[in-house]
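Hi,

Here is the structure I promised to pass on.

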Amino acid sequence: MLYGIAAATASFLLAALLAALLRAPALSLALVDRRRRRPVPLSGGVAVALVTGLVAGVGDWTGVVPLGPAAGRLLLGALAAGALGLAADLWRLRRRWVVAGTAVAAACVVPYGETGPVAGVLAVGWITLVAAAFRGLDHADGVAGTVGVVTAFGVAACAAAELRDGLAVALLALAAALTGLLLHNWHPARIALGACGALFTGFLLAGAAVFTRAGHPPAGGAAVLFALTAPACLDVVLVLLSRRLAGRPVLRAGPDHLAHRLRRLGLTPQGAAVVVGAVSCGAVLTGVLVHTGRVGAPAVWWVAGAAAAAVAGLLRVRVYGPRHGAGAQGRVPGPARPPRGASRVPPEVADTPGGASSRGTIFSVRQARRAEEDQVSAPLRVRNG
């Protein structure tokens, strides 16, 4: 207990200090994201990943709170996902490669002996989905950090109920590190998680949730996993549905995430982060109560119903404007066509005396004589350019 408090305090202070120190190098390396025409460094995730790994590693190395082999592999897998995210931030890797690398890292840490092969494969997909969802939440100031803090506390409570003290301390360190980052990530953000911090946070949270539910019935396990990560799942479903309905490419970025739609409804950036955090609190609390047996698994249906209603309502918020260069009916504006039945001869040709042809009037070309016309036996073809 005392080490958990010390680990959380150290993580908070170290993450806040390291995030401030890494801001200048990120700006010099152009490791930034444009938010409302202002550059935001993407080095906050590096601070969160390093501090969480350091605090959890010290506890395991000293033997005060050992992680164990399974939790140790999970932490290494999360660090590998964070390194992949840092590479994506630096060199703009394609999303397919980032998703594939995250899936490979997840496949190396899932406890197949406790989950079984089928549930293990589903767990790999779940971890990959949640990691990608946290990357989507990082499009707005303070949202990903707030959801990460709330989810980390909830999953840590579930891990403590399963007597996984090392994993619980690692999650507390993650929550404290994210809280320290929020000092710089709250609107107006001076630093952001980036793909590095988002993938690390989502991977560690989803993997820890899978570890805590390993050995439980699959139906109840899926319900708890959904409740613990409901805001991230809501954002993914909302984005995919809106892009498909609008006929846009699924991987094409746009201002269509959960926080963006809340802003369209009139909320401030801080208000949007608070609302998403409150929704996360309710869903995570339900997941913790179901996991500990305080309430039954059907309570998750209330979370699912609220999420479905939110998706249906937020889909009505207009976030896509007209296409660039298109008119009201999707046509590219151009010169107006003459009415049907009207003459297509230009005015300067129609006024030509003697009824001369358009070719002879517009272009100053000498009219060919009969002898010259006989020399041309085929129509001339002129190539543009």
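**What I found**

Ala30 is exposed, because its relative accessible area is 52% (exposed means over 50%, buried under 20%, partly exposed in between, with a 1.4 Å probe and protein chains only). Before going on: this is a predicted model, where local features need pLDDT of at least 70 and side-chain atom pairs count only at pLDDT 80 or more, while totals for chains, interfaces and linings use all residues. Residues are numbered from 1 along each chain as its sequence is written, and side-chain values use heavy atoms, leaving out hydrogens and water.

Most residues other than glycine have a negative phi, and most peptide bonds are trans. Ala30 has a positive phi, near 60 degrees, although it is not a glycine. You'll find Ala30 in the loop between α2 (23–28) and β1 (32–35). (Helices and strands here are DSSP runs, H or I of at least four residues for helices and E of at least two for strands, numbered from the N terminus.)

Arg92 is another non-glycine residue with a positive phi, near 55 degrees. Its place is in the loop between α4 (69–91) and α5, and Arg92 counts as exposed at 57% relative accessibility.

Then there's Pro188, in the loop between α9 and α10 (194–213). The peptide bond leading from His187 to Pro188 is cis, with omega near -5 degrees.

**Two buried loop residues**

Val109 sits in the loop between α5 (95–107) and α6 (112–115), and with a relative accessible area of 4% it is buried. What does Val109 touch, not counting residues up to four places away in sequence? Its contacts (heavy atoms within 4.5 Å) are Arg73, Leu74, Gly77, Phe203 and Phe211. Val109 and Leu74 are 35 residues apart in sequence, but their C-alpha atoms are 5.5 Å apart in space.

His257 is in the loop between α12 (230–246) and α13 (258–264). It counts as buried too, at 9% relative accessibility. Leaving aside neighbours within four places in sequence, His257 is in contact with Gly136, His139, Asp235, Val239 and Arg243.

**Helix α12**

Asp235, Val239 and Arg243 are among the buried residues of α12. What covers the buried residues of this helix includes α7 (117–137), α8, α11 (218–228), α13, α14 and α15 (300–314). Just after α12, Gly247 takes a positive phi of about 75 degrees.

**Two helix pairs**

Two packed helices are described by the angle between their axes and the distance between the axes. Axes are lines fitted to C-alpha atoms, for helices over the stretch in contact, and angles run from 0 to 180 degrees between N-to-C directions.

Helix α3 (residues 44–62) packs against helix α9 (residues 165–185) at about 150 degrees, with the axes 9 Å apart. That makes the two roughly antiparallel (over 145 degrees; under 35 is roughly parallel, 65 to 115 roughly perpendicular, and the rest oblique). The α3 side of the contact includes Val48 and Val51, and the α9 side includes Leu174 and Leu178. The contact residues divide into 10 nonpolar, two polar and no charged (Ala, Val, Leu, Ile, Met, Phe, Trp, Tyr, Cys and Pro count as nonpolar, Asp, Glu, Lys and Arg as charged, and the others, Gly among them, as polar).

Helix α8 (residues 143–161) and helix α14 (residues 269–292) pack at about 10 degrees, with axes 9 Å apart, and are therefore roughly parallel.

Cheers
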